[in-house]
2 protein chains.
Amino acid sequence: MRKQLLTSSLVLSFSLTWAQPKPLAGFDDASSRTQQQLESAYDGYLQAANIDSGIRIMSAHPHHVGSPGDKAVVDYIYNKLKGWGYDVQTETFYVPFPTPKERLLEMTSPTLWKAGLAEPALKEDATSGQTREQLPTYNCWSPDGDVTGQLVYVNYGIPEDYDRLERMGISVKGKIVIAKYGHSWRGIKPKVAQEHGAIGCLIYSDPRDDGYFQGDVYPKGAFKNEYGVQRGSIMDMPIYPGDPLTPGIGATKDAKRLQRAEALTLLKIPVLPISYHDAEPLLRALDGPVAPEEWRGAMPMTYHIGPGKTQVHLKLAFSWDTKPVTDVIARMPGSEFPDEWVIRGNHHDAWVNGAADPISGQSALLEEARAVSELRKTGWRPKRTIVYCAWDGEEPGLIGSTEWVEEHAEELQKKAVVYINSDENGRGFLEAGGSHALEPMMNEVARDVTDPEARISIADRRHSRELVNAADNNRLARALFQKKGFSLSALGSGSDYSPFLQHLGIPSFNLGFGGESSGGEYHSIYDSYDDFRRFKDPTFQYGVTLARTAGRVTLRMADAPVLPFDFRALYRTVNGYAGELISLVDQMREATALSNQVLMENHYAYAADPTVQLAPPAARSEVPYLNFSSLQNALTRLEKVTNRLSDSLSRAHLTGVRADLVNQSLYRAEQQLLSDNGLPRRPWYRHAIYAPGFYTGYGVKTLPGIREAIEQRSWKEAQEQIEVDAAVLQKFAGYLEAISF
Amino acid sequence: MRKQLLTSSLVLSFSLTWAQPKPLAGFDDASSRTQQQLESAYDGYLQAANIDSGIRIMSAHPHHVGSPGDKAVVDYIYNKLKGWGYDVQTETFYVPFPTPKERLLEMTSPTLWKAGLAEPALKEDATSGQTREQLPTYNCWSPDGDVTGQLVYVNYGIPEDYDRLERMGISVKGKIVIAKYGHSWRGIKPKVAQEHGAIGCLIYSDPRDDGYFQGDVYPKGAFKNEYGVQRGSIMDMPIYPGDPLTPGIGATKDAKRLQRAEALTLLKIPVLPISYHDAEPLLRALDGPVAPEEWRGAMPMTYHIGPGKTQVHLKLAFSWDTKPVTDVIARMPGSEFPDEWVIRGNHHDAWVNGAADPISGQSALLEEARAVSELRKTGWRPKRTIVYCAWDGEEPGLIGSTEWVEEHAEELQKKAVVYINSDENGRGFLEAGGSHALEPMMNEVARDVTDPEARISIADRRHSRELVNAADNNRLARALFQKKGFSLSALGSGSDYSPFLQHLGIPSFNLGFGGESSGGEYHSIYDSYDDFRRFKDPTFQYGVTLARTAGRVTLRMADAPVLPFDFRALYRTVNGYAGELISLVDQMREATALSNQVLMENHYAYAADPTVQLAPPAARSEVPYLNFSSLQNALTRLEKVTNRLSDSLSRAHLTGVRADLVNQSLYRAEQQLLSDNGLPRRPWYRHAIYAPGFYTGYGVKTLPGIREAIEQRSWKEAQEQIEVDAAVLQKFAGYLEAISF
């Protein structure tokens, strides 16, 4: 009896919750119900079959910048959007786009050998034989070059690898390095090699990372076969993305351009990506010390570092022709606030066929646009203008989006409410990054979208995975059980949100699914429809799920009476970052003191194996105490003002002009987080909270001015950046104070 | 000026310290000085050239149990010791020693293929071609068998691997498993396979673990080439070591013997070790799921688990002839206490030539014995009897030592002061395990021996390495800087100390050097003089250092007026183990609750990839609170009494009969740590503090009765064992109380 009673009361309490849901953030009870009905209708229009055919059609031919395939995809997208009643325009920029004229890689000593540099067609992959249309394997923006030198294996080629090489007494000066893909964005590898004096750089995919070690290789399985090569840009995007010749301005026909030699984002040494088939003879020929354990890959050999008898000749020449980069921009005007833009984008250009990257995201975006056009047929109009964007030139360096953002910066800073990005999409779990003031809103969206495999919300499924992964960690599992909702990850770079967020301060999201569809096809000819259908999202249901998710964000941001910004979430996040930095400095201070003591007391020398050449690490300067008080005081003020603003908004019943003004203040608030001078040595990046790492490339650095100065042990700059960020946060707090009521 | 003054005062304080050293533990000022002079003289007699020639001669031919080479080594050792004036005897036991008559391994499906099962001779290795004298590659004590079945890859073949297989829905019942060497003693793999219903077991050496992944392979480098095979015993030694047919008694000619089928230490399924050359075609042929990442090795393939089309036929037949096992026992009688024995031992039998294992240790032991005989020529006599032992039959299962210990148990429990073991020795760092009441004494010895590479004490060099390895861990580095001296590791099994310590409670040490001489030669034909001289200890200086270290322990234990047992160190250690167990139960309780919650809330199902067959782990019973109070009370008493005893000993000036009685009480104290019934299901192991793990084989379990019950989640037995160990510690404390004064 007792048990039954208990059950009934549980059912009752569930029903009560169900009967009286909290309204959606930014909506009142009535408009919330309307919105949810709208979203149900929206879901009903989404068709997996359309996403399937979109991917099939748009990935049918290689469609890199300037190719006939690129033009065909632009036309396809344009015509689709036009057909659905959007106000569609294309906008074209003109940029240099290097493509290979000559690629030669050979070993000249101890044996003669020439690399194949080719990905073969496979009968199991229908588009893999489109050889004449394919770009050969190369790294875009490598300069022309003809170099010969000893070869040195540098692991992933990131700064800490060079620290280790230095301890081993190995210099890469005047030599050619071979680095593995992974553990940093690819462009970091030649940049760091160049900083250390290397004259050329090879980048290969070790089978440990995305080949047979991970699983069966293509076409049997999804992972990289011995010939697969990752193409990709090595432009120094952590300085600025977009056209190297027009930093900060749109690359229109008559824009003032730099000379190529003046472009800070172009490296000086030739770079070539190769397969593990081509890397193996080179690595096998290396002598010198055995690579440290964590440097070793999965090829059947002892990994040595060189340098020694192994000499390599690398000759590269490119055509540097100017090519058009054509974005497609489609608008559905807002009925109440036409000058408030909710922007949704995904790039359309690919390195080859790009079924996954970017077409899986592009096809979902088109299906969203189609479903939204269906809604309009029912009489609904978005309150704010919805803008769908298909970017060109993302692969060589976020060019289409960056040039568009630079060209329309002033207008965007006035009108852009939010930018919602997607790119490659796969099977699995929601991956969501973005502006933290929108974290509560994103949690509501994720609560309202059902996962097609687990039939629970995508938020809950994410949570389940976190719990399962925490199985061996009591502390983490405990914290996860207590946690309410998920955190948005902070955005670094790697897709088209970067100019919106980091250059203009426009609130942004990056959304996608993954975790169950890994493979080795990335930027190779095998990123094809055949591969996608077998290994990525065979039923296209995660394409539908992305459309539901990004579409909900778009519709809520377009229709919310009060825009659902909650700056308390931003405060909590930034306060957490500040706490991390304060701890980091303390931790580094102790680590420095301890490691210097180990060094000074000669323990490295005593513990050293005399048969192994490995010098102690260099002594490090002591870590001073930094003054974080200005930052802490700014955060204290921010906490108060964000609470107050939140109170104001929850009490208010906003209508008409007043609502419009408040909303404009809310969506423009993130622009207050830009600093006037941007980040040191890279003023294009102006956001004080989020930036791609100077030495990680895609990987984010939060409070980047301070964090990178600390990591680089530039204590004076760290203190300066604390003051910069404190001033930015004070400015931001003052702005929020001014809009509280 | 100031700096100079400072320097002078430092020199002064150093000189003062130097002028007034603390006497050695167990010695007074005067005898301490005499002892140190003796040790200096001893050091002076030790010659690297003798260790070199000893290794060369004793490893010149294969010398496994029952072979002509074994007899030649016995004769060599006997004659050497005899020539140096020792009272030498041999003592022979008679045991079955299986050697292969037939070995067949073939794949019968999907393709036909036959394993080579041979290690080729190399021109760079002079003894590798002694094919007629070599034992073929095999696992000793495998039963005869002829089985055919599907093959399943089981990673390292330890219990947690089978948990994972179960989650994948894979049973090994009726199948043949293939496991990697490593992560447990080899005998655990077939034992656990048999427990799970497998009908045969292959064990191979993956190149990830000691082949090309680790470094260049033999003969270019030290690591295992594709044909190298690790021979070795798979007797279930965690039950009892020694002759399987005479547990607990010496295997003399007329001893009462079990039938082979009755022997608990003999497995029922055929087992064969193979090279990675022979493993590769088998593993390549496997289908079924991809192995989890941590299961994958370094061969160039995707590791699959099976079972499937891959079928294997394994046929093994052995000669089970009885063979002699001959120990050499040499005595130098004590001048004052001839019935107190300081025993120093190392085995002499090898799987093949055994230059490293065991001859590097055996040759150092002989050089110690020679140097001690030189001391005697100067008129010195040890106060206590020194006994040098060269054990036969260690490789098949610690047979020579175990049978000798069982045969002489009563006498040993009266007379044995300490047993000092060594085995394979290499270049690098002191590795010292043993009875913790002798930890302070071992620290003094290690302080007094100089490392031949670093020219600091072997204790300090060890400490330096620990500090260097802690470089990235502030908490560990801080603790290490504060730590005084090093901890002895606890002894599990794997060499001849086991019967002394764990069966009889005789205080024991295991000493050796290593860490700079790893390779892949272990138990293969390539463990040769040529290999040793190139990769292990080229100058034989670590042989000398082992002789200095073990010789000092021997001489101090032989001459100390008061034996240097410090039971406070034992108390601290055991108290630490008890604390670990108390935390372990709490940690398991929380982990169980959390993981059951993850399970019950369905998170595994929600997070699962539907394309991967992986069931959630089974729910686990809740962890009760155990009552540790009896153990804690016993430890409280032990703390008091060990302090009191230490006070007594430091105040006392012991002479004559009184000293003799106190010393006898001290060295017999560890026998009080034996429990009457031994460990559950393995009564041969009687030490309450140290035992090899039932499921680790060599790896130690401290407070094993309690710990293994907890790890196996046998809560009732855990509580019982707490009471058993508490009673043992109370008995021990009472004993120490009785000898305090």
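Biologist: What is the mean pLDDT of chain A, and how many of its residues reach 70 or more?

Modeller: This is a predicted model, and the mean pLDDT of chain A is 95, with 97% of its residues at 70 or more. Residues 1-19 of chain A are another story: their pLDDT is below 50, and beyond near neighbours in sequence that stretch has zero contacts in the model. For the model as a whole, the scores are ipTM 0.94 and pTM 0.95.

Biologist: What makes the relation between chain A and chain B that of a two-fold axis?

Biologist: How do you know that the copies meet through the same surface?

Modeller: Of the interface residues of chain A, 100% are also interface residues in chain B, so the copies do use the same surface.

Biologist: Which domains does chain A have?

Modeller: The assignment gives domain 1 (54-96 + 323-452 + 489-559), domain 2 (99-320) and domain 3 (567-739). The C-alpha centres of domain 1 and domain 2 of chain A are 29 Å apart. Their contact takes 38 residues from domain 1 of chain A and 36 residues from domain 2 of chain A.

Biologist: Which element gives the largest share of the domain 1 side?

Modeller: H11(A) does, with five residues. Elements of chain A that give two or more residues to that side include strand E1 (87-96) and helix H16 (497-504). By class, the side has 17 nonpolar, 14 polar and seven charged residues.

Biologist: Over in chain B, why is helix H11 called mostly covered?

Modeller: A residue is buried if 20 or more other C-beta atoms lie within 10 Å of its own. In helix H11 (residues 399-407) of chain B, eight of the nine residues are buried, and the helix is mostly covered. Among the buried ones are Ile399(B), Trp404(B) and Glu406(B).

Biologist: And what makes strand E15 of chain B mostly covered?

Modeller: Six of the seven residues in strand E15 (residues 428-434) of chain B are buried.

Biologist: How do you know that E15(B) pairs with E16(B)?

Modeller: Pairing needs at least two bridges. Seven bridges join E15(B) to strand E16 (residues 508-515) of chain B, so by that cut-off the strands pair. They run antiparallel. One bridge to look for has Gly433(B) with Asn510(B) as its partner in E16(B).

Key. Residues are numbered from 1 along each chain as its sequence is written. Chains are lettered from A and ligands numbered from 1 in the order in which they are written. This is a predicted model: local features need pLDDT of at least 70, side-chain atom pairs count only at pLDDT 80 or more; totals for chains, interfaces and linings use all residues. Two residues are in contact if their C-beta atoms, placed from the backbone, lie within 7 Å. Domain bounds come from an automatic or database domain assignment. Helices (H or I, at least four residues) and strands (E, at least two) are DSSP runs, numbered from the N terminus. Ala, Val, Leu, Ile, Met, Phe, Trp, Tyr, Cys and Pro count as nonpolar, Asp, Glu, Lys and Arg as charged, and the others, Gly among them, as polar. A residue is buried if 20 or more other C-beta atoms lie within 10 Å of its own, exposed if 12 or fewer, and partly exposed in between; C-beta atoms are placed from the backbone. pLDDT is the predictor's confidence in each residue, from 0 to 100.
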